[in-house]
Amino acid sequence: MNSAIFSLKKVSKVFPGVKALDGVDLHLYPGQVTALIGENGAGKSTLVKTMTGIYQPDGGEIIFNGKPVQFHSPHDSHALGITAIHQETVLFDDLTVAENIFLGNYPMKKGLMTKRFSIDWSAMEAKSQEILSSINAHMSPNQILRELSIGQKHMVGIARALSVDAKVVILDEPTAALSHHEIHELYELVNTLRDQGKAILFITHKFDEIFTLADRYTVFRDGCYVGEGFIKDTNEALLVEMMVARSIEATYPKKDVEIGETLLEVSSLCHTTEFADISFSLKKGEILGVYGLVGSGRTEVMQALFGTTDHVTGSVKMNGKEVIIHSPKEAIDNGIVYVPEERQKQGIVLELPIYQNVSLPQMERLAKHGQIDQEGEMALARQYCERLQVKASCWDEKVMNLSGGNQQKVVIAKWLATNPKVIILDEPTKGIDIGSKAAVHEFMSELVDSGLAVIMVSSELPEILGMSDRILVMNEGLIVGELSRTDATPEKVVSLATGGSVTC
Amino acid sequence: MLKRLIYSREGVLSIIVLTMFFGVGVISPDFISLSNSVSIFNDTSILIMLALGQMLVILTRCIDLSVAANVAFTGMFVAMVNQYFPELHMALLIFLSLFIGALLGAINGLFVWLLKVPSIVITLGTMSIYRGATFLLSDGAWVNSHQMSESFIGLPRYEILSMPVLGWMAVVTIVLFFWAMKFSVWGRNFYSAGGNPMAAFYSGVNVGKVQFYAFLVSGTLSGLCGYLWVSRFAVAYVDVANGFELQVIAACVIGGVSIVGGLGTVVGCVIGALFIGVVNNALPIIGVSPFWQMAISGLVIIIAVIANASSGKDKARIILRNPNANDEIRAN
Amino acid sequence: MDTTIKKSATPDSMFTSKLQGLLRWESFLVLIVFLVCVMNSYLSPYFLDPWNLSDATFNFTEKALIALPMAMLIIAKEIDISVAAIISLSSTLMGLVAQMGAPVYAVAFVGVLAGAACGLFNGVLVTRFKIPSIVVTIGTMSLFRGISYILLGDQVVRDYPDGFEFFGQGYVYWVFSFELVLFAFFALVFYWLLHRTTFGRYTYAIGNNPTASYYSGIKVDKHRLILFTLVGVMSGVASILLTSRLGSTRPSIAMGWELSIITMVVLGGVSILGGSGTIAGVVLAVILMGLVTFGMGLLNIPGIVMTIIVGVMLITVVSLPVLITMYKTSLKRKEAKAL
C-alpha cells in the first residue's frame with residue numbers, strides 16, 4: 001500500500017462561537033478517489049477551504065509528501081499542486097475563458113526581464129484550447145465567460161483545476177448543476193485523473209456517485225472525524241449510520257389531509273429563455289413536490305409565480321379566477337407567498353429585528369395614516385413566532401443573531417402572518433440543522449391541515465418522497481413528469497430529472 | 001474581427017470623437033491641423049494621466065476623490081521648494097512630486113486595505129485634509145511665475161518632435177499602462193480583484209493589496225500632475241484643480257470604465273478623456289459659448305452610462321434547450 | 001453550538017435594554033457638542049451671545065436642510081452628488097422668473113418645482129436604467145449646473161421681488177431666524193418620517209437588503225424615486241433660502257456643497273453603505289459642525305482649517321468602529337481558541 005500524499009492530522013478550525021472542525025483527520029492517496037461524506041454543516045466546505053489555504057487552521061497539521069506545510073494564502077497550496085473545483089462558481093464573468101483558466105498562473109513569455117511582466121496570450125489560448133478539448137468542452141478560449149451557460153461555466157472551472165500540474169484535485173459537489181450527460185463525462189474525467197496518479201477528494205451527497213467512483217471514504221459529522229475505510233468494505237446503510245448516527249429510515253411526519261377543491265391553476269406558463277409550457281394545478285390541503293437538478297428551472301418557475309420575473313406569458317388562476325401577477329406585492333395580495341432558497345439574500349433583512357421582519361409585508365395594513373403601530377407589530381410577531389417556536393431572547397433581537405433554522409422560521413412566520421392561500425417553499429431545509437429540519441417538515445403538515453396548499457421545491461430526494469402528495473419533475477426548463485405519492489420511487493424521479501427515459 | 005472592433009465600446013467612442021473632430025474641421029479647417037491636434041492632446045495630457053490612475057481605482061471597486069487635492073498639495077509643495085531652493089535639479093523635483101503624490105495616495109490605500117473602510121468616505125476625508133494642508137503649507141499665499149525658476153516652468157513646454165514634454169509624458173504613461181494592463185500579472189490583478197473579489201482571493205490574489213496599489217498609482221500620477229499643473233499655468237495656490245476630481249471620474253465613465261468594477265480599458269479611458277478635451281477645444285471654434293461645455297459633458301456622461309447599462313445587462317441564465325427559444329435570444 | 005438556545009426560550013422582555021442606546025454614536029456626538037460649547041465659551045466671551053449664536057446658524061441651515069433627506073437616501077443605499085447643482089439650477093430659474101417680474105410666491109414655487117423636477121430626473125435615471133446613483137448624479141451634477149451656465153453665463157441676477165429677502169434674512173421671533181425655524185420644523189418632519197412611519201421602515205429595509213424588501217412586497221423602485229424627488233425638493237427649498245440670503249444668483253452658487261452635505265450625514269453616524277443611521281445623529285453633526293466653524297471664526301482661525309478637522313473627523317467616524325470590531329474579534333478568537 002502506498003502512503004498518503006496529503007494528510008490532515010487533528011486539524012481544528014474555530015470561528016467565533018463555533019468549532020467548525022474539531023481535530024479531523026483526512027488522508028488522500030495518489031491514484032485513488034477518496035469520498036468525503038457528511039451532512040450539511042458537517043464541516044466539509046470548511047475543510048476544503050482549509051486544504052486550499054483560504055482558511056488557516058487553528059490547530060493540527062497539514063502534511064504534504066511527508067513534510068508538514070503551512071498555507072498562508074490560496075497561492076501557497078496552489079503552488080504545491082493542490083487545486084479545487086469549488087461548489088460556488090468562483091470565476092470572472094467579464095474575462096475570457098482562457099484567462100479564467102489561467103488566472104493566478106499565467107503563462108509567461110521567456111526572455112530578458114519578462115518573467116513577471118509579459119503574459120503570453122497566444123500560449124494561454126493554445127493551452128486552454130488543449131485542456132478544453134481534452135474534457136470535451138465545446139467553447140472558444142476567447143469567449144467572454146458571461147456568455148456561457150451554467151454547465152459550460154462549470155467545465156471552465158474544471159479546466160482551471162486541470163491547468164496546473166495538479167497532484168491533488170478536490171471536487172466539491174461537482175455534479176450538483178450538471179445534466180445526466182455531463183455527469184457521465186465528469187465520471188470519465190475523474191477516472192482519467194485517477195489513472196494519471198492524482199489524489200482525488202470527491203465531496204458529494206449522492207450515494208450512487210460514491211459507489212461508482214470512490215475507492216475510499218471518510219465520514220465527518222458536526223465538524224468531527226467519524227471514520228474512514230475502503231468503499232468495498234462498506235454499504236450505504238453503514239455509511240448513513242455513520243453520517244447521522246441514526247438509522248436510515250428517516251421519518252417524515254406526513255399527515256393524511258383531506259384534499260379539497262382546486263386552488264391554483266397554472267397553464268402554459270412560458271418564458272423566452274428559462275422555462276416553457278408549465279401547466280399544473282394545486283388543491284387545498286395538498287403538498288406538491290417539485291423536483292429537479294439545480295438549474296432545471298424550478299426556482300425560475302416559482303419566482304415567475306411570485307411575480308419577480310419579467311416577460312412571462314401564460315395564465316394563473318386562483319379559485320378559478322384569472323389573476324395578474326407582475327410584482328411580489330400583487331402575488332401577496334392574491335394569497336401567494338414564496339419562501340426563497342436564498343434565505344439571507346431574498347428572504348430576510350438580517351440587520352432588522354425579528355418583529356420588523358415579520359411585519360414587513362403588511363406594514364401598510366398595520367399602520368394608521370402611515371404611522372407605525374409598534375404594539376400591533378409586536379403582537380403579530382409574538383403570535384406567529386411563538387406558533388413556529390422561534391428561539392430568540394426577545395422579539396427585537398436582530399435576525400442575524402439567530403441560527404439558520406430559526407432564521408428560516410422567521411421567514412415562514414412572516415409569510416404566515418399575511419394569511420396566504422398558497423405557500424411556496426424553495427429548498428425549505430437547505431443548510432439548516434436536523435432538529436430544525438424536522439420542525440419545518442412537521443409544520444408543513446400542520447399548514448396543509450389548516451387548509452393551505454403548499455408547493456415544495458427541493459433537490460433532496462427523501463424530503464420530496466417523504467412529504468409530497470404529488471411530485472412534478474423538471475428538467476431543462478420543462479415539466480418532464482408528474483408522479484403521485486404512491487407511484488413515485490427514487491429511481492423514477494431521478495431518471496426523469498436527469499433526462500433519462502421519459503416515460504410520460 | 002473588424003466588425004467586432006467597430007461594435008466594441010472603444011470603437012463606437014472613437015468614431016464619435018473622430019466625427020466630432022472632423023465635423024468641427026469642416027467649419028474650421030485649422031482645427032484638424034496637425035499642430036492643433038497636438039495642442040488638443042497636450043491640453044488633455046493631465047486629464048489623461050489622472051483618468052488612467054483613477055481607472056485602476058475604479059476597476060477595484062473603489063473611488064478616489066482626493067486626486068485634485070493631491071494635485072494642489074503636491075503642486076504647492078514642489079513650487080515652494082523651487083521658490084526657496086531654485087538651484088535644485090529638476091530631476092529631483094520631479095522625483096519629489098512623484099514621492100509626495102505616492103505618499104498621499106498610500107494613505108488612502110492603507111485605510112482601504114487594512115481597515116476595509118469605504119473608499120468614498122476615506123477619500124472624501126483626505127480630500128478636505130489635503131486641501132486644508134495646502135493652505136497650512138502656503139499660509140494662503142500664491143507662488144507666482146516670477147518666483148519659479150526658468151527650468152521649473154520650461155520643462156513641460158520643451159518641445160521634442162514638435163510636441164511638448166507634457167504631451168510626451170502622457171504618451172509614455174499611456175504606453176506603460178497599455179502594456180501593464182495587458183501583459184503584466186500585476187495589471188491583470190486589477191481586473192480580477194474588481195471583477196469578482198471572492199474568486200480573486202481564491203485564485204491567490206490579495207484583493208486589499210491590489211486596491212492599495214491602485215491608490216498608490218493614482219496618488220503617484222496625481223503628484224506628477226501636481227507639478228505639471230503648477231508649471232503649466234505658472235502659478236500655485238490653494239484652489240488649484242478645485243473640483244477636477246469629478247472631471248477625471250467623468251473621463252473614466254465616458255470611456256466605459258464600469259463604476260461597479262472589473263471592466264474598463266486603457267484605450268477607452270484615454271478616448272474618454274480626449275472626448276472632454278475635444279469638446280473643450282471645439283466649442284469656442286464653432287462659436288458656441290464655453291458655458292455649454294459643462295452641460296454637454298454632463299449629458300454625455302448620462303448617455304454613456306445609459307448605453308452601458310442597456311448593452312451590459314446581465315443575460316438571463318439560459319435553461320431551455322429549445323432551439324426556437326434560443327433563436328429569439330439571438331434576435332434580441 | 002447554538003447560542004440562542006442558552007437564552008430563555010420564550011422572550012419575556014420585548015426590547016433590549018435601553019442602556020445600550022446610551023453607548024451609541026449619537027451620545028458621543030452630544031458629548032463633543034457639549035465640549036465644544038464649553039471650550040468656545042471659555043475661549044471667547046462673544047460665544048454665548050444669543051445674536052452671535054443665531055448668526056452662526058446661517059452658515060449651516062441651508063446645507064442641513066438637504067442633509068436630512070440625504071440621510072434617508074444614503075440609508076436606502078443610494079447617494080445624490082448633484083444637490084449643489086440642483087441649488088444652482090433652481091436658483092437660476094428663480095432669478096429668471098424674478099427678472100420677468102413674478103411675485104414672491106411664484107418665485108419660491110419655481111424654486112421648489114425646479115428642485116423636484118431635478119430630483120425626479122435623477123430618480124428616473126437610477127430606477128429605470130438601473131445605473132448606480134453615484135454615476136447618474138455625477139452626470140446630472142454637470143448637466144444641472146451646466147444648464148445654469150447656459151442660461152446665465154457670467155451674469156448675476158439681483159432683482160428679486162420685495163419680501164423675497166425674508167426667506168434668508170428674516171426673523172420669526174426674537175433671535176430665531178426663518179431659516180433656523182424652518183430647519184427645526186423639517187428636522188421634526190424627517191424624524192417622524194424616518195423613525196415613525198412605514199415609509200421610514202421601508203427605507204431601512206431597502207438599505208439593508210433591497211432584494212428581500214422587494215420579495216416582501218415593497219415597491220423598491222417607487223420608494224427610491226420618491227426619495228430622490230424628496231432630496232430634489234429640499235435642495236429647491238435650500239436654494240430659496242440661499243438665494244434670498246445672498247440676494248443674488250450666479251451659476252457658481254453653492255459650489256462644492258455636495259461634499260460638505262455628505263460629510264454632515266456620514267459624521268452623523270449614517271453608514272455610507274446604507275441601512276443604518278438616525279436623524280438625531282445628523283442634526284447633532286450639523287450643530288457640531290456649525291459650532292466648530294463658529295468658534296474658529298471667533299478665534300480668527302481661517303475656515304479652511306475647519307476642512308482639515310472635518311476630514312479627520314470623517315475618517316475617524318468610519319475607522320473607529322472597524323478598529324473596535326477588529327479588537328473585539330481578536331479577543332473572541334483568543335477565547336474560542338482557549339475552548
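**Reading helices in a predicted model**

Author: In this predicted model, the end C-alpha atoms of residues 280-298 of chain C lie 27 Å apart, and the span is 100% helix and 0% strand.

Reader: Which UniProt annotation covers residues 280-298 of chain C?

Author: An annotation of this kind comes from a record, and here the unreviewed UniProt entry gives "transmembrane region" for residues 280-298 of chain C, as well as for other stretches, including 133-151 and 304-327. For residues 133-151 of chain C, the end C-alpha atoms lie 26 Å apart, with the span 100% helix and 0% strand.

Reader: How many helices and strands does the secondary structure of chain C come to, and how compact is chain C for its length?

Author: Chain C has 15 helices and two strands. Its radius of gyration is 22 Å, close to the 20 Å that the globule rule gives for 339 residues, so chain C is as compact as a globular protein of that length. Along its principal axes, the C-alpha trace of chain C spans about 80 × 55 × 35 Å.

Reader: At what angle do the axes of helices H5 and H6 of chain B cross, and are the two parallel or antiparallel?

Author: Angles over 145 degrees count as roughly antiparallel. The axes of H5 (residues 90-115) and H6 (residues 119-138) of chain B come within 10 Å and cross at roughly 150 degrees, and the two helices are therefore roughly antiparallel to each other. The contact is made by residues including B:Leu104, B:Ile107 and B:Phe111 of H5(B) and B:Ile122, B:Thr126 and B:Tyr130 of H6(B); by class, it has six nonpolar, four polar and no charged residues.

Methods. Residues are numbered from 1 along each chain as its sequence is written. Chains are lettered from A and ligands numbered from 1 in the order in which they are written. This is a predicted model: local features need pLDDT of at least 70, side-chain atom pairs count only at pLDDT 80 or more; totals for chains, interfaces and linings use all residues. Axes are lines fitted to C-alpha atoms, for helices over the stretch in contact, and angles run from 0 to 180 degrees between N-to-C directions. Helices (H or I, at least four residues) and strands (E, at least two) are DSSP runs, numbered from the N terminus. Angles under 35 degrees count as roughly parallel, over 145 as roughly antiparallel, 65 to 115 as roughly perpendicular and the rest as oblique. Two residues are in contact if their C-beta atoms, placed from the backbone, lie within 7 Å. Ala, Val, Leu, Ile, Met, Phe, Trp, Tyr, Cys and Pro count as nonpolar, Asp, Glu, Lys and Arg as charged, and the others, Gly among them, as polar. UniProt positions are given in the numbering used here, feature names are shortened, and annotations may be inferred rather than shown by experiment. The radius of gyration is taken over C-alpha atoms; the globule rule is 2.2 Å times the number of residues to the power 0.38.
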